[in-house]
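Let's take a walk through a protein model together. Have a look at the picture first, and then we will go from one end towards the other.

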Amino acid sequence: MYLIPIAWLYVVILVAAAEDSILAGALTFVFWGLAPLALFMWLLGTPARRRRQRAREASEHNDRAETGSDQ
């Protein structure tokens, strides 16, 4: 899963290093590298976050059901 983001950052770092000024390189890295990569990783992580949330809610529901039946 991390191969694509690592490769993308590698390419963006090379492009940023080829820029004429440090400011242009930094802006290239941020707007072509970090911002799209953060969005990409957030979108790819959505299903896993949903699964964790459902599992957490199910375990909380089971915990409440178990403690209620003991009393």
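Leaving aside its neighbours within four places in sequence, which residues is tryptophan 8 in contact with? They are Trp32, Gly33 and Leu37, where contact means heavy atoms within 4.5 Å. Before going on, please note that this is a predicted model, in which local features need pLDDT of at least 70 and side-chain atom pairs count only at pLDDT 80 or more, while totals for chains, interfaces and linings use all residues. Residues are numbered from 1 along each chain as its sequence is written, and side-chain values use heavy atoms, leaving out hydrogens and water.

Tryptophan 8 sits in helix α1, residues 3-17. Helices are DSSP runs of H or I with at least four residues, numbered from the N terminus. Tryptophan 8 has a relative accessible area of 37%, so it is partly exposed; that term covers values between buried (under 20%) and exposed (over 50%), with a 1.4 Å probe and protein chains only.

Now move to helix α2, residues 22-70, where you will find glutamate 60. Alanine 26 also belongs to helix α2, and its C-alpha atom is separated by 40 Å from that of arginine 56, 30 residues apart along the chain.

What about charge? Glu57, Glu60, Asp63 and Glu66 gather in a negative patch on the surface.

Notes: Patch = residues over 30% accessible without salt bridge, like charges linked within 9 Å, V, L, I, M, F, W, Y side chains within 5 Å. Areas by Shrake-Rupley, 256 points an atom, 1.4 Å probe, with all protein chains shown as cover. Salt bridge = Lys/Arg side-chain N within 4 Å of Asp/Glu carboxyl O. Lys, Arg positive; Asp, Glu negative; His and termini not counted. Charge placed at Lys NZ, Arg CZ, Asp CG, Glu CD. Helix = DSSP H or I, 4+ residues; strand = E, 2+ residues; numbered from the N terminus.
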